Amino acid sequence: HDRTLTSYTSSIWDYRPNANTSPPAFDTMHRALRTRKLDPKTLLFKIPKIVHFTVADKVKDHQMKVVEYSKKKAESFGFEVMIHRDSDAEALIYSQYHNLVPAWELLKTTTDQTKGARIGDFVRLLLIYHYGGVYLDSDMVTCKDLTPLLGPPGVATFPLVNSVAGGIVNAVFAGPPRHIVFRMALEMQSNNKKLHTQAIIRATGPKQLGDALDAYFEKTHTPRIVKFVEKEQLPEPENDSMWIQSGLIRFGATE
C-alpha cells in the first residue's frame, strides 16, 4: 500500500486555503482545533486519542446533555473530546477543503427532514480524515473505554458492520488522519449530483460507506473480506479475536 498511502499526502486534500473564497470567521472554532499541528509525514499513521461529536448549531438541550455526559466519560478514559457544530464544519471546509464546497452547498439545499442527518454523515467522514480519532453519534452514550477502537497505527476501524443490509453502520468508527477510505467516501459523495435528494442510506449513509469500502479493496488490491454491495456475511475471526482485518481496514467480528 505504500504508493497509495504516500500519493494522497500531496494532493488537493492537503491543507491548502482557497485563495478565491473568503472563509467564515474562526471565532467559533475550538482553540485546540486552531492550534493542533498535523504533519502528514509524522501523523499519517497515528490514531490520536480524540472523540468527535457533531451537533447542529441550534442543538436541543436534552441532546446536548447526552453529549456532555459522554464527553465526561470519554475524558475519564484519557480522551480529548471535540464537539463540532455545523458552523465549525463549514469553516473547515471553506478554509482548507475548497474541493468539498460544492457538495457542502448542495447538502444545505436539502428540503426534507433528512437535511441534518445528511450533513452529519458528510461531516463525520471529514473530521476523521482531517483530525483522526473516534467518531460517535451524538445520541450514543459512552459507557466503556474506547481505546480498543484506536487499533493498530494506520488502520481504520468499523466496529459495527451490517453486511446483511449491505452497509457499514456509520454511527461509530475510528481511524488515523488522511486514511484513504475516508477520502474515497468523501469523493464519492462529492461526485453525486443527487446527494441532497437520493435516499439517504445510499447517498451519505451506511450503504454509501459500504460502497467506499468496496472501492478501497478494489483500488488497493486488498483481499476482500466482504463485498457489501452483494451483502455477503463476514467470516468468523480467528483465535477468538474481536476483529477481522484486511489491509488497513478492520471490522468488528460481531454483527
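Colleague: What volume of space lies in the largest pocket, and what makes a set of points a pocket and not a cavity?

Modeller: The largest pocket holds about 530 Å³ of space, where a volume is the space filled by probe spheres set on grid points that are joined across faces, edges and corners. On a 1 Å grid over the protein atoms alone, a cavity is a set of points where a 1.4 Å probe fits but cannot get out, whereas a pocket is an open set with protein on both sides within 12 Å along at least five of seven lines. This is a predicted model, in which local features need pLDDT of at least 70 and side-chain atom pairs count only at pLDDT 80 or more, while totals for chains, interfaces and linings use all residues. Residues are numbered from 1 along each chain as its sequence is written, and side-chain values use heavy atoms, with hydrogens and water left out.

Colleague: What makes a residue part of the lining, and which residues lie nearest the centre of the largest pocket?

Modeller: A lining residue has an atom within 4 Å of a point; the largest pocket has 25 of them, with Thr54, Val55, Gln63, Gly116 and Ser138 nearest its centre. Among the elements that each supply at least two lining residues are strand E1 (50-55) and helix H4 (61-76), and H7 gives the most, with six. Helices (H or I, at least four residues) and strands (E, at least two) are DSSP runs, numbered from the N terminus.

Colleague: Why is His52 called buried, and which residues does His52 touch?

Modeller: Buried means under 20% relative accessible area, exposed over 50%, and partly exposed in between (1.4 Å probe, protein chains only); His52, at 0%, is therefore buried. His52 is found in strand E1, and beyond four places in sequence its contacts (heavy atoms within 4.5 Å) include Met82, His84 and Leu127.

Colleague: What makes Glu105 partly exposed?

Modeller: Its relative accessible area is 29%, so Glu105 is partly exposed. Glu105 lies in helix H6 and, leaving aside neighbours within four places in sequence, is in contact with Glu90 and Tyr94.

Colleague: How do you know that H8 is largely enclosed by the rest of the structure?

Modeller: Nine of the 11 residues of H8 are buried, which means that the helix is largely enclosed; among the nine are Phe182, Arg183 and Gln189.

Colleague: What makes a set of residues a nonpolar core, and how many residues has the largest one?

Modeller: A nonpolar core is a set of buried Ala, Val, Leu, Ile, Met, Phe, Trp, Tyr and Cys residues joined through side-chain atoms within 4.5 Å. The largest has 48 residues, and those with the most contacts inside it are Phe158, Phe182, Leu213, Ile249 and Phe251. H7 gives the most to this core, with eight residues. A second, separate core of 19 residues includes Val51, Val67, Val81 and Val172.
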